[in-house]
Amino acid sequence: MKANFSMLFYLKKQKNYRSGPAPIYLRITVDGQRSEVTANREWDPEKWNSHAGRAVGTKESIKSLNAYLDNLQADAYEAHRYLYENEKEITAETIKNKLLGKSETTYMLIEIFKEHNLKVESLVGKEFAPLTYKRYQISLQHTQNFLQYKYGVKDIDIEKIDPAFISEYDFYLRSIRKCNNNSTLKYIKNFGKIIRICLSNGWIVRNPFLNYKGRIKPVNRVFLTEEELQLLANKQFKIDRLSQVRDVFLFCCFTGLAYVDVKKLKASEISKGIDGELWIVTNRQKTNTRSAIPLLPSAARLIQKYANHPLCINKDVPLPVPSNQKMNGYLKEIADMCGINKTFTSHIARHTFATTVTLSNGVPIETVSKMLGHSSIRQTQHYAKILDLKISEDMLVLKQRIQKKYS
């Protein structure tokens, strides 16, 4: 959009001016905002046309001055044209700076992204979780690969990021990187934070995300039913490694701990609570939020089972937890042996705690949210499904009440 732009040469007289030549200035006005620049010339006010902004007369010296002013005015118009065609911000000040040949500060996307990630890294454990930093690093990598793939460059001026850039980046993540809808939107959201930094600092004036729309699609999370949980708990394994992995998985099912949290859990984080019973009190690694979980008898028995395990004694841990890669690998083997036709991962245990163990047994969602270490109920709703069985039980109670009331 073009701005209202005008120019005028005038004589700038000092407050104590009485007579003699006065310096010539060029006043640049854009949308009512002014900026002025000296023409590096002086002239007699009595021989000056203030309306035309030129010297009056036919002498060669006068013609030479007016020609100089014409050239300066043409340079100002050229500065305005350059800013407009290159989609730069047009203000009286930017035209003046271009006219004077002042170098423009160029802000590059990848440089800003890297600086942001360095700040996040320095605040890991204070304001950010390690996984948050890792997510931004992956987002940076995707952005760098996109620039190379689409434009053949390692970095780009942030002023060149427009709605078309966002649309192409979205398409690249879905097609070339094979990201699903929700992963794509998470990477785009991370990229959006960098754009917001640029907007807040005034490095760009237009938001390229203005018309971008993306919706997270609901994910059907896998969890174990009560029958499957019982089947898994009763299964006898001849191989110790399978038995141990099964027990760690069950412990997560009865506590709601994610793999990373049970891996770092210390025996000292299990102690008597205000009710005299055993509680787990720890901070979630992902969000660094406090999680307080009363131990169910099934979880307490698993801790007791490994109380004398050498690894647990040496490392002050309640359970012998293998690496996540081994854990998921063994869980697939365990699922096959139990005849459970579900994709087994360590995170299914957390979903199982939220659904089968707690919500379906009448535990309020607010309580479940606290035990999971969530900062809002909305987070819990992603994990916790109200099972059809629970709905059936609740409606049965309602039916009985209605039957008594209206019989």
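A charge sits over a ring if NZ of Lys or CZ of Arg is within 6 Å of the ring centre and within 35 degrees of the ring normal.

**View 1. Charges over ring faces.** Lys 342 lies over the face of Phe 223, 5.7 Å from the ring centre. Arg 27 sits over the face of Tyr 10, at 4.4 Å from the ring centre. This is a predicted model: local features need pLDDT of at least 70, side-chain atom pairs count only at pLDDT 80 or more, and totals for chains, interfaces and linings use all residues. Residues are numbered from 1 along each chain as its sequence is written, and side-chain values use heavy atoms, leaving out hydrogens and water.

**View 2. Phe 146 with Tyr 151.** The whole structure holds 14 aromatic pairs. Rings of Phe, Tyr and Trp (its six-membered ring) pair if their centres lie within 6.5 Å; planes under 30 degrees apart are stacked, over 60 edge-to-face, the rest tilted. Phe 146 and Tyr 151 have ring centres 5.9 Å apart and planes at 85°, so this pair is edge-to-face. Phe 146 is buried, at 1% relative accessible area. Tyr 151 is partly exposed, at 37%. Buried means under 20% relative accessible area, exposed over 50%, and partly exposed in between (1.4 Å probe, protein chains only).

**View 3. Phe 146 with Phe 165.** This pair is also edge-to-face, at 5.2 Å centre to centre and 85° between the planes. Phe 146 lies in helix H4 (residues 130-151) and Phe 165 in helix H5 (residues 163-175), so the pair ties together parts 19 residues apart in sequence. Helices (H or I, at least four residues) are DSSP runs, numbered from the N terminus. Phe 165 is buried, at 1% relative accessibility.

**View 4. One aromatic cluster.** Its members include Phe 146, Tyr 151, Phe 165 and Phe 209.

Technical notes: Helix = DSSP H or I, 4+ residues; strand = E, 2+ residues; numbered from the N terminus.
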